[in-house]
Amino acid sequence: MVTAVVARQKLRPDDIFFPTMALLLLAIVLTGFAKTYFLAGMMLAKLPNRLVHVHGAVFVLWVSLLVAQTWLVAAHKTKWHTKLGVLAVIFLPAMSILGTLTVIDFVRRALDYETPELILVGDLETLALFVLLTSWALLSRRDASSHKRLMILGTMAIMGPAIDRWNFGIMISLGTILGLPLLVLAYDLWLLKCVHRTTAVATALIAVVTFTVVPLSKLAFWHQWVVWIRHT
C-alpha cells in the first residue's frame with residue numbers, strides 16, 4: 001500500500017513543464033509591466049484611468065491563477081484545482097469585456113498615435129484567440145492533456161503587450177511571441193513523439209493571428225471604426 005501511494009505521488013514530466021511555463025508567462029508579465037505598473041505601486045501607478053487599472057489587475061490575477069492551478073495539479077491537489085477553477089469562468093468574460101473596452105479607450109485617447117488601426121486589430125485579434133482557446137480549455141476540462149495545453153497556449157496568445165514593452169525591437173517581439181508556443185510543441189515531440197492536436201491547432205492560430213495583424217489593419221473598415229470611436 002505504501003508503495004502504491006509513493007507511485008501515485010511520483011513526479012511526472014507534466015508536473016514540471018506546465019508549472020514552469022506558467023511561471024515563464026508570469027515572468028514575462030512582471031518584466032514587461034515592471035516600470036509602468038509593478039514598480040510604480042500597482043494600484044498606485046499613474047495609469048490613464050480606472051478602466052486601465054481594473055484591466056491590469058484582472059490580467060495579473062488571471063496569470064496568477066494559471067500559476068496556482070498548474071502547481072496545484074503538480075502537487076496532486078485536484079480538488080483544490082477544481083474549486084479554484086470556478087474563478088476562470090468568472091475571469092474569462094471579465095477579461096474579454098475589459099480587454100475590448102481598454103483597447104477602445106486607448107484608441108480614443110491616443111490621438112497622436114500614428115497607426116491606431118494596428119493596435120485595434122492586434123489587440124482584438126489576440127483577445128478573440130485568447131477567448132477561443134481558453135473557452136475550449138474549459139470545455140475540455142475532463143481531458144487533462146488538452147485542458148492544460150489550451151490554458152497555457154491561450155494565455156501565451158495575449159503576451160504581446162508585455163513583450164512589446166521590453167522595447168527590444170519588433171523582430172525580438174515577434175520571435176518571442178511565435179517562440180512561446182513552439183516550447184509546447186517541442187515538449188510534445190519529446191514526450192509524445194508527436195504534436196498534440198490542441199498544440200498544433202493553437203500554434204497555427206497564434207501564427208495566423210500574428211501574421212495577419214498588419215494586412216488586416218490596412219482595410220478601410222478599421223480606419224472607419226477608429227474615426228467612429230474618436231467621435232463618440
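A: Leu-87 belongs to helix H6, which covers residues 86–109 (helices are DSSP runs, H or I, of at least four residues, numbered from the N terminus). This is a predicted model, with pLDDT of at least 70 needed for local features and 80 or more for side-chain atom pairs, while totals for chains, interfaces and linings use all residues. Numbering starts from 1 along each chain, and side-chain values use heavy atoms, without hydrogens or water.

Leu-87 is partly exposed, at 33% relative accessible area (buried is under 20%, exposed over 50%, partly exposed in between, with a 1.4 Å probe and protein chains only). Together with Val-86 and Ile-90, Leu-87 makes a nonpolar surface patch of about 250 Å² (Shrake-Rupley areas; members have over 30% relative accessible area and no salt bridge, with nonpolar side chains joined within 5 Å and like charges within 9 Å).

Asp-105 is buried, at 12% relative accessible area, whereas Arg-109 is partly exposed at 37%. The whole structure has 4 salt bridges.

Then comes the loop between H6 and helix H7 (116–139), where you'll find Ala-110. Ala-110 is buried, with a relative accessible area of 10%. Its C-alpha atom is 43 Å from that of Asp-143, 33 residues away along the chain.

How values were computed: Areas by Shrake-Rupley, 256 points an atom, 1.4 Å probe, with all protein chains shown as cover. Salt bridge = Lys/Arg side-chain N within 4 Å of Asp/Glu carboxyl O. Helix = DSSP H or I, 4+ residues; strand = E, 2+ residues; numbered from the N terminus.
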